[in-house]
Amino acid sequence: MHSVSMQGRQAPARRPLKKLAINGGYTLNGNIEISGSKNAALPMMAASILSDQDIVLHGIPDLADVRTMIILLESMGIEINKNHKDSLKFNASGVDSRFASYELVKTMRASIMVLGPLLAKYGEAKVSLPGGCAIGARPVDLHIEGLEKLGARIEIRDGYILASADRLIGSSYCFPKKSVTGTANILMAATLAEGQTEIVNAACEPEIVQLGELLNAMGAKIDGVGGDCIKIEGVENLVSAEIEIIPDRIEAITMIIAGIITQGELKIENIDPSHIERPIDLIRQCGAMLEISERSLFVKGPDQILPISFETEAYPGIPTDIQAQLMVLNSIANGDSKITETIFENRFMHVLELKRMGANISIDGSTAKISGVSRLNSAPVMATDLRASAALILAGLIAKGETVIDRIYHLDRGYESLEKKLSNIGAKVRRID
Ligand code: EPZ
C-alpha cells in the first residue's frame, strides 16, 4: 500500500510501526495544539467534485483517512496539489472516472460521500458499499433512500452501488434517524439538483455546518444548515472557493481528558468552544477546572475525579466519538457511573480491553456500568477502532507500568501525530514494531 504524501503524489510506502508503548503515571503539563477536524475535512474534500474550479482547504490534518481520500479523488482524475504547509488545492475539471473501488472504500467508510457529488455533477456513479466496521453494521440505506428521493436510479450489484440520474430533481427527504455523512451526501447532491430540496431531521454537527459554508462559498444556495431542516435551491454549477478547516472537537475533548486523568495542567490551543459546550458542561461535573478563552482552554485536573454519567446523542449532545475516552475517566473516578451508547450498536469494544487493565465495568445492553478503581494496571491491549485506540492511550497514561497497544493503525486514521503531541507535554510514549 503506497502512502500518499500531502503533495498528493505517491510516496514510497512507509510501513507504520504497529504498536505504541506507554509508561504510565506521568503528569501532563504544557501547551497542546489541536489539528484540523478529520470529519470536517473529508466531506469538504468530496465537495471539490462539484466544481470545475479550484477548491482550497486550509488546515488539513495529516491523517491516514485524509491520505485515503486523496488517493480516491486522484483515482477519479481530480488534481490535488499542496498549496503551502497544510493547505490542499483540488480541481475536478479533469474527472474521468466515477468509480470508487471496494479496496479504497473498505478502508475508509467516509468514501461514500463521493456518491452524492458524482451523481449530481455527472449523472452517474459506481461506489462500493462500505461494509461494516468494529463499531457497527454502518449501513448506508439512508444515503441511498435520500438520493432516490432526488430522482436517482440506484441498483446494488456485486457489493457496489450503481447510481444514475439524467438530472437530480429537488424534493423533500426526511431522515428517519440523523445521519452525519448521510446529510452530507444529500446536501452536496442537492446543490446541483433542479429546483428546491428540503432535508428534514438533518444532522446538525459543526462539520455539516462548515460543509454548508463551503458549498455556499462555491455558489450554492443553502439555508438552515446547523438546524433540523435544511433548504437548498439548486444551481447550474459551482465555482471556486477556499476555507479554513475547523478544529477537531473530538481531539480537543480527548486532550482535556488526558489533562484531567493525569492531574496535569494543560493549555489546549486552536479550539472552538462553541462546538464542545455540552461536553464541557459534563466534564466540569467531574471536578476539573476548565477556563475557556476565545480559541483556547485551560484545564486543571482535580485531586479526586467525580464520576459523570451520560448517554451519547447526536449534536449538540454528548458525541459518541468521546464515549470511550470518558469511560477511561470514569474508570478511575471516585464512585459509580453509567454510560449509555445510543448511536452505534457495538461501540463498547474498548470495555474488554479496559477490564484487562483492571477497570471495573459491566455491560447491560447499550449501557455500561463503571465502578471507579484507584488505579489501572498496564497490560498488552489491542485497538479495535479509532476512538477506542485513543481511549487505550489515555488508559496507558495513568496505568501502573508499561502498556503496549497493538493495531495502532486505527489511531493514525484520525489523530495527527498524537504520541508526539503527548510526549511534548510529558507523556512517556513511543512507537514500537
Ligand atoms: C459520522 O459517521 C462520523 N464519521 C463518525 O465518526 C461519528 O461517530 C458518527 O458520524 C456519529 O456522530 C464521519 O463524519 C466521517 P451516522 P456516520 O450516519 O455518518 C445509522 C470517527 O470516529 N445509519 O451519523 O457514518 C448508523 O448505523 C467516526 O471519526 C443507518 O442506519 O454515522 C448509526 O447507528 C466514527 N443508515 C446512526 O445511523 C444510514 O444510511 C448514525 O450514523 C446511515 C446511518
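Reader: How many residues of domain 1 are in contact with domain 2?
Author: In this predicted model, 25 residues of domain 1 are in contact with 25 residues of domain 2.

Reader: Which stretches of the chain are domain 1 and domain 2?
Author: Domain 1 is made of 7-35 and 247-432. Domain 2 covers 38-244.

Reader: How many Å apart do the C-alpha centres of the two domains lie?
Author: The C-alpha centres of domain 1 and domain 2 are 29 Å apart.

Reader: And what area do they bury between them?
Author: About 2,000 Å², with 52% of that on carbon and sulfur atoms.

Reader: Ok, salt bridges. What is the count between the domains?
Author: Two salt bridges are counted between domain 1 and domain 2.

Reader: Which residue forms a salt bridge with Arg249?
Author: Glu207 does, and the closest N and O atoms of the pair are 2.8 Å apart.

Reader: What about residue pairs in polar contact, how many between the domains?
Author: Seven, with both residues of each pair at pLDDT 80 or more.

Reader: Which helices supply at least two residues each to the side of domain 1 that touches domain 2?
Author: Helix H12 (386-398) and helix H13 (409-414). H13 gives the most to that side, with three residues.

Reader: How do the residues on that side divide into nonpolar, polar and charged?
Author: On the side of domain 1 that touches domain 2, six are nonpolar, seven are polar and 12 are charged.

Note on methods: Residues numbered from 1 in each chain as written. Predicted model: local features only at pLDDT ≥ 70, side-chain atom pairs only at ≥ 80, totals over all residues. Heavy atoms only, no water. Domains from an automatic or database assignment. Contact = heavy atoms within 4.5 Å. Buried area = accessible area lost by both parts, 1.4 Å probe. Salt bridge = Lys/Arg side-chain N within 4 Å of Asp/Glu carboxyl O. Polar contact = N/O pair within 3.5 Å; in protein donor to acceptor, adjacent residues only side chain to side chain. Helix = DSSP H or I, 4+ residues; strand = E, 2+ residues; numbered from the N terminus. Nonpolar A, V, L, I, M, F, W, Y, C, P; charged D, E, K, R; others polar.
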